Number of protein chains: 2
Amino acid sequence: MPEQKKPHVVIVGAGFGGIKLAKTLGKEDVEITLVDRHNFQLFAPLLYQVSTAVLSEDEIAYPVRSFFRDYPNVEFFMAKAQGVDQARRVLLTNHGEIPYDYLVLAAGSTTNFFGMESVERNSYGMKTLQEALHIRNHVLHMFERANKREDSEEERRRMLTFVVVGGGPTGIEEAGALSELVAVQKKEYHHLDFNEVSVKLIEATPHVLPMLTQDLQDEVVRVLRGKGVDVMLDTQVMDNDGNNLKLKDGRVIPTKTVIWAAGVKAVPFIAKCGAEVDRGGRIITDENLRVQGSDRVFAIGDCAHFQLEGMKRPLATIAPVATQGALVCARNIMHSIRGEALEAFHYKDLGTMATIGRGRAVIQNGSFKMKGFFAWVGWMFVHLLRLSGAHTNITVCLKWFWNLFSGLRLGRIITNIQLDDGKKR
Amino acid sequence: MPEQKKPHVVIVGAGFGGIKLAKTLGKEDVEITLVDRHNFQLFAPLLYQVSTAVLSEDEIAYPVRSFFRDYPNVEFFMAKAQGVDQARRVLLTNHGEIPYDYLVLAAGSTTNFFGMESVERNSYGMKTLQEALHIRNHVLHMFERANKREDSEEERRRMLTFVVVGGGPTGIEEAGALSELVAVQKKEYHHLDFNEVSVKLIEATPHVLPMLTQDLQDEVVRVLRGKGVDVMLDTQVMDNDGNNLKLKDGRVIPTKTVIWAAGVKAVPFIAKCGAEVDRGGRIITDENLRVQGSDRVFAIGDCAHFQLEGMKRPLATIAPVATQGALVCARNIMHSIRGEALEAFHYKDLGTMATIGRGRAVIQNGSFKMKGFFAWVGWMFVHLLRLSGAHTNITVCLKWFWNLFSGLRLGRIITNIQLDDGKKR
């Protein structure tokens, strides 16, 4: 571990918050160690495009070290954070302890199955690159298994029923992209009956995208249904044995594919940091983004519970909350080092946007609303601007246009085959 | 399985030979079933670029079905071929039997470790997409493990010594690309001593690329050494325990990375086809590309032993042999169906080319020789033309120019982490 006289800031997590923070603090006279179990920053909002074979994995995963070529004071340390000993001021990892002067928890979130064990065991999460690749491999493999290798229509329908649970942006985007993937597959399976294929979207409440106004919600459902997605609102999931998805109302959907996009919680490591967490496992911070009861530990992004006065709930687990928090956190660490008063975090809401398949999106920011093709163009530009690396922008932009105009899905390769007996080969 | 009155041609293997054959025969009045355990055609000559993080996996893997959108008589069947029962005229697969009227074995080759078990167990092959990804993940992970997580210089040097065995095109290209990857890494590891890093190329004979003239061989060695590759000619490998590579002359190279590009043999399935094979497991064919003793089974490409009269050895395991064989095989199947006399296969040698890292290559065709930058431009065009899909050409071409001018390696992400205890996470 580095021995230095400059204040040592340790950041856990190389997501939107952690990278932004390291880049901002990296310009100051401090030493920084950025810790993550992966060597890349994941552009999570586009995971659904990897899972549906639109983009390559390396287009949404950017090597962490590439951000810090010109920052000799920023060191990346690839390790899994395992806990914090606040008394000794050390971060515990699977590769040893890292002493800190200031620690920032930006460790992110994981899928929340709300305690439903059978659902967790037999459904696909959509939070990591590996999970997105598993979905891609599995969905493509289901078509191959159903095609000429399965005589029972019932079994074929089970293999070709793809269920997405959760009516937030991730669920909407996944269901839309899946329905388009089916359309691409249809051109290439000369002997498969595509009436046996279905894509379903299940949402527990009566509304998709609850942050939008009713007319935009209706537009989203209308477009999805137009693409052939069976949108099931007000429908709750109870159990999944890997072959049958059971609903609370007693109905059963025969399926081997349940993609769970219905909730997130903080990563389990956060519970081992010696501070209070909320029901979602998020660590509770004060208005300065410090963990309660600590003046050297901060938390930002998905793993932090930050509640503005007068608000009913904490800030959402979205990228702008993490990056805006990172800027305030960087300033507050420098204030702390200099013995100055800290700033309060004021979040500026940038609104909501979601694609509903290629060429269509919805955007809302306060009373500003937009839908259709131009909303999609807006969505595209915002995401291209936020992607890391000009080179990636070019290949991603090319692939989006090819996908728009020719339905091209270059990534339809099965790299990790799930055998019928459940073993990988 | 399809029941048809048209002659049913079953092709095992969707490589260069199998795809070319299916596209050619697909225009005739026959039914075709193309069998492969993978749903993509692999552009194997560029595997080394995936293993060194230049290209994405889906840029060298093209979905098989996409070739046959407009061929309703070509059906893809994803299965692992397990043997042939020539008496009953069926191909045996892990998903059942497939009856054929004509069968073509185009199943390709796998790595040949020449019976050295410890080398096979502890070295990396370079024949499949998974193997290329394993190499990429492993090499990148070695840098992360050596950086700040390892105190012993001896261990760090072991982790940072990368050995390629085999002085053919694959070995040359892998060693050159690895040395360039090291140069990219050097810009981003602020605390690692790059004097501890080395790339070695081991070749058992006194010559690299034996098909070239001596002056071109010397050029290749000179360029590789200029890039910092330790080229060890006339050096034979004996044993690899995963930490130490032992040579026949008694020397030991401490390393955790041995990439084996020193030989290929036919895939094991070929031995179960009921016909004679050579020492490399390749099935022996007559001048019409028929398997000896059979008038309904043909073999082409890497898995076939085809020896021209007066030649000392069979044709090489390279793409042009497979694709030229496919064209003759297609005609001979049609001749057989029509009761005509078969054609003999005459191979036209297109010469040899190999890159030695970005911006440099060697080309030889008979007395025509070329080296340096313009040979590289030639290499680039030939490979771009042969890649599948115009869209892939564009992204690959972009990445090659970025790599040439800025040393950019977008793919440096570790997606499958080998833990220190050998387990994956």
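**Close-up views of the predicted model**

**View 1. Strands S9 and S20 of chain B are paired in the parallel sense, over 3 bridges.** Strands here are DSSP runs (E, at least two residues), as helices are (H or I, at least four), numbered from the N terminus, and two strands count as paired if DSSP finds at least two bridges between them. Within S20(B), Val297(B) is the bridge partner of Leu103(B). The model is predicted: local features need pLDDT of at least 70 and side-chain atom pairs count only at pLDDT 80 or more, whereas totals for chains, interfaces and linings use all residues. Residues are numbered from 1 along each chain as its sequence is written, chains are lettered from A and ligands numbered from 1 in the order in which they are written, and side-chain values use heavy atoms, with hydrogens and water left out.

**View 2. Strand S9 of chain B also pairs with strand S1 (residues 8-12) of chain B.** This pairing of S1(B) with S9(B), residues 102-105, is parallel and extends over 4 bridges. Val10(B) has Leu103(B) as its bridge partner in S9(B). Both faces of S9(B) are covered: Tyr102(B) and Val104(B) on one side, and Leu103(B) and Leu105(B) on the other, are all buried (under 20% relative accessible area, with a 1.4 Å probe and protein chains only).

**View 3. Five strands of chain B form an open sheet in the order S5-S2-S1-S9-S20.** The pairing is parallel. Strand S5 (74-78) and strand S20 (297-299) of chain B are the edge strands, each pairing on one side only. From one strand to the next, the twist averages 20 degrees. Helix H1 (residues 16-25) of chain B packs on the sheet and touches S1, S2 (31-36), S5 and S9 of chain B, contact meaning heavy atoms within 4.5 Å. The direction of H1(B) makes about 165 degrees with that of S2(B); axes are lines fitted to C-alpha atoms, for helices over the stretch in contact, and angles run from 0 to 180 degrees between N-to-C directions. Helix H9 (residues 319-338) of chain B lies across S1, S9 and S20 of chain B, at about 165 degrees to S9(B).

**View 4. In chain A, helix H1 (residues 16-25) packs against helix H9 (residues 319-338) at an angle of about 35 degrees.** The axes of H1(A) and H9(A) are 8 Å apart. Residues of H1(A) in this contact include Phe16(A), Lys20(A) and Leu21(A), while those of H9(A) include Ala322(A), Ala326(A) and Ile333(A).

How values were computed: Buried < 20%, exposed > 50% of the residue type's maximum accessible area, 1.4 Å probe, protein only.
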